[in-house]
Amino acid sequence: MRRKRDKAMSPAVEAALEYVYVLVGAAIVAVAFNVFLLPNRIASGGVSGISTIVDALFGIEPAYVQWALNIPLFIAGVVLLGRQFGVKTFVGTVFLPLVVYITKGMEPATANPLLGALFGGIGVGLGLGIVFRGRASTGGTDLAAQIIHKYTGLSLGMCVIFIDGLIVLTAAFVFDIERALYALIALYVTSKTIDLVQVGLGYSKIALIITKEEEKVRRAILHEIDRGVTRLPAYGGYTEHERPVLMCVVAQSEFTKLKQIVRTIDPTAFVVVANAAEVLGEGFQRT
């Protein structure tokens with residue numbers, strides 16, 4: 001039965017697992033940077049993008065540049081924004097450049113900049129998504145964006161776009177416009193991969209059902225599909241009569257059965273269906 005409760009993970013094990021997420025995720029980001037992005041001169045935003053540009057201009061080791069930027073930004077974040085970042089973020093901030101330095105001798109995976117942008121973006125997004133699941137970050141320009149957000153009033157998203165856009169624009173002058181366009185591709189792929197890691201592929205369906213056979217539909221969902229139902233008070237806009245709405249969330253595989261149940265009980269029922277990207281709670285993913 002779906003209503004059985006999952007065994008809770010002990011706080012010590014959960015904390016250790018979060019550190020594993022941070023270390024593994026940071027390592028994946030570093031390797032993707034070294035084998036896909038750096039060899040193809042793709043400066044796709046962030047501190048890694050800055051280190052790519054500095055490496056091309058002055059030949060300074062990217063790991064040194066990342067340490068030189070990440071650590072002061074972390075300190076500034078703690079001073080200006082408070083101690084909200086924690087030890088895990090500091091670990092990610094320091095560990096990522098360390099892996100970049102350790103793996104700097106790895107052979108490039110491809111000399112094709114398009115493939116470098118695509119797979120580099122996937123690798124960075126995968127790594128960052130894992131780090132975020134550990135409730136941390138790798139610091140860098142994200143902290144700078146939060147500082148600018150606090151003291152200028154600009155939205156956080158706008159601050160991130162401004163910083164990454166400035167880095168990509170600089171790359172266009174240092175390299176060429178094509179490399180900047182590849183960097184934009186990598187940024188887009190990174191953002192989509194992060195969403196995929198955070199949310200996953202298992203989309204659920206949320207259904208809002210208005211029916212004259214409310215009690216029969218409610219019981220059928222509870223007992224035949226074994227899903228919970230929420231009764232929302234509502235009123236018809238034209239008649240102003242009370243017309244309660246049943247709301248339920250089902251897995252993709254259960255949606256066809258839900259439609260059959262509603263259609264069989266009340267062919268005139270009005271049903272609105274939408275995708276639910278992430279569902280937390282009993283019968284679904286646990287936090």
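Visitor: Is Cys 159 buried or exposed?
Guide: This is a predicted model, in which local features need pLDDT of at least 70, side-chain atom pairs count only at pLDDT 80 or more, and totals for chains, interfaces and linings use all residues. Residues are numbered from 1 along each chain as its sequence is written, and side-chain values use heavy atoms, with hydrogens and water left out. Buried means under 20% relative accessible area, exposed over 50%, and partly exposed in between (1.4 Å probe, protein chains only). Cys 159 has a relative accessible area of 1%, so Cys 159 is buried.

Visitor: How many disulfides does a search of the whole structure find?
Guide: A disulfide is a covalent bond between the sulfur atoms of two cysteines. The cut-off used is a pair of cysteine sulfur atoms within 2.5 Å. For the whole structure, the number of disulfides found is zero.

Visitor: Which helix gives the largest share of the nonpolar patch?
Guide: Leu 57, Phe 58, Ile 60, Tyr 64, Leu 98, Tyr 101 and Ile 102 make a nonpolar surface patch of about 700 Å². Such a patch takes residues with over 30% relative accessible area and no salt bridge, and joins nonpolar side chains (Val, Leu, Ile, Met, Phe, Trp, Tyr) within 5 Å; a salt bridge is a side-chain nitrogen of Lys or Arg within 4 Å of a carboxyl oxygen of Asp or Glu. Helices are DSSP runs (H or I, at least four residues), numbered from the N terminus, and at least two patch residues each come from α2 (46-58) and α4 (86-102). The largest share, three residues, comes from α4.

Visitor: Is Ile 102 buried or exposed?
Guide: Ile 102 belongs to helix α4 and is one of the patch residues. Because its relative accessibility is 60%, Ile 102 counts as exposed.

Visitor: Which residues are closest to the centre of the largest pocket?
Guide: A pocket is an open set of points on a 1 Å grid where a 1.4 Å probe fits, with protein on both sides within 12 Å along at least five of seven lines; lining residues have an atom within 4 Å of a point. The largest pocket holds about 910 Å³ of space, a volume being the space filled by probe spheres set on the points. Elements that give two or more residues to its lining include α1 (11-37) and α5 (113-133). Of its 38 lining residues, the closest to the centre are Leu 128, Phe 132, Gly 139, Thr 141 and Asp 142.

Terms used
Patch = residues over 30% accessible without salt bridge, like charges linked within 9 Å, V, L, I, M, F, W, Y side chains within 5 Å. Areas by Shrake-Rupley, 256 points an atom, 1.4 Å probe, with all protein chains shown as cover.
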